[in-house]
Amino acid sequence: MPTTWEKCLETLKDTIPVGQFSVWIQPLKATEKGNILTIVAPNTSTVDYLKTNLKQKIKDAVARHNKDLKINIGTEIQQAKKNTKHSTPLFPEYTFDNLVMGNANQIAYGAIRQIAEDLKKSPYNPCIIYGDSGLGKTHLMQAAGHLVKQQNPKTKIIYAPVMDFVRNITTSLRHKTIENIKSYYQSADLLLVDDIHLIAGKEKSQEEFFHIFNFLFTTKKQIIFTCDQPPTNIKSLENRLKTRFAQGLNLSLTPPELEMRAAILLKKSESPAINITFSADIALYIASNITSNVRDLEGALLKLKAFVDFSKLDDHIITKEIIDIALGDLIKPKAKNIDINDIQKESAKHYGVTISDLSSKNRKQSIVLARQMAIFIAHEMTSLSLSKIGKHFGNRDHSTVLHAIKRIKERTEKEPEIKDEYELLKLKLANL
């Protein structure tokens, strides 16, 4: 490093706050030729910041040690080419078009889509999506990357599983190229980091990530992370990182509800890799038995496809019996006690009435149907006597409860839509 620049660094350390010095000054390189001092910045964002905020202090420091030097601040032209090896491509199938919406991801979807549609005006930075494994965090994050790239192909998007980041940092430290790797990540317009919780306990990686984060945040570049828990709960994560993560938008993904799981199954069954056909009822049946996450649903689909292919079945005749055989250990009967209060709650919600309507004397057709259906399901799914069931529905007597049961039984046998409503309510209750 040129002697003049070494002396300037010592001067700048005393005149610039430590944080500003480490983010903006320390990564700079310098060459001195004749009466020109060329200061090389890792990217154009750094150049813009230096010229706007620190150029005068740099000029003062240079003049203090060599008044004859002229300053030229620019970027290292081939930097991006040197660092392309550090990139990880986005998965082509992880787009918004292939994402199934539901209560479990609705808020996160809205926020991430808003970020992607107008990256420069995003109010959510950083944005952290957290939740258990297999809930679609990576899909949602990468969908933002695809949309941003679609809108502006020149936008620089970097996707980095955090363990790739750690490996890159480790390698760069060994080869003394840490500034190159930092420059690469700092050049991002949109940085996507998967499984940020895995950086916990890795002190050097956390330190370098902290500087990269600060740089991107200061230059108003968007950052999106995924995590398996709220960042504030991560053990062995530096407090300064926790603080910065907490200042952004933290979004939770929860396991998909029954209807969403069924929709995911139907969506993924249409993909070229699966390409099998089954009805919505079959999807609901599978979804009612596999309740954990999307990856387990994908595993079940692959197992079903293998069974259909090797058994040489026509996938258009997939029945519940075939599902029971094909998925075997994945489809297990559930012994579960259903509470009558849950039955009333789900029935009222399904029919758009209130729980108090079910106990009232209101004879409106929609309320009568909801009341009779709830009574019928309570008779089937609980061990309560007819008189006890009646007490939960406005102290109705034994004969009224019996009439409701008989009426719904007749209607499920004659009216397909009533039978479908009954089956759906049972599935919802089984998955509470």
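1. The charged end of arginine 240 sits over the ring of phenylalanine 210, 4.0 Å from its centre. Arginine 113 likewise lies over the face of phenylalanine 96, at 4.9 Å from the ring centre. The criterion is NZ of Lys or CZ of Arg within 6 Å of the ring centre and within 35 degrees of the ring normal.

2. This is a predicted model, in which local features need pLDDT of at least 70 and side-chain atom pairs pLDDT 80 or more, while totals for chains, interfaces and linings use all residues. Residues are numbered from 1 along each chain, and side-chain values use heavy atoms, without hydrogens and water.

3. The structure holds 15 aromatic pairs (rings of Phe, Tyr and Trp, the last by its six-membered ring, with centres within 6.5 Å; planes under 30 degrees apart are stacked, over 60 edge-to-face, the rest tilted). Phenylalanine 165 and phenylalanine 209 form an edge-to-face pair, 5.4 Å centre to centre with 85° between the planes. This pair joins helix α7 (residues 162–174) to helix α9 (residues 203–218), its members being 44 residues apart (helices are DSSP runs of H or I, at least four residues, strands of E, at least two, numbered from the N terminus).

4. Phenylalanine 209 is buried at 2% relative accessibility (buried is under 20% relative accessible area, exposed over 50%, partly exposed in between, with a 1.4 Å probe and protein chains only). With phenylalanine 225, phenylalanine 209 forms a tilted pair: centres 5.5 Å apart, planes at 50°. Phenylalanine 225, in strand β7 (residues 222–227), has a relative accessible area of 0%.

5. Phe165, Phe209 and Phe225 belong to one aromatic cluster, which also includes Tyr184 and Phe245.
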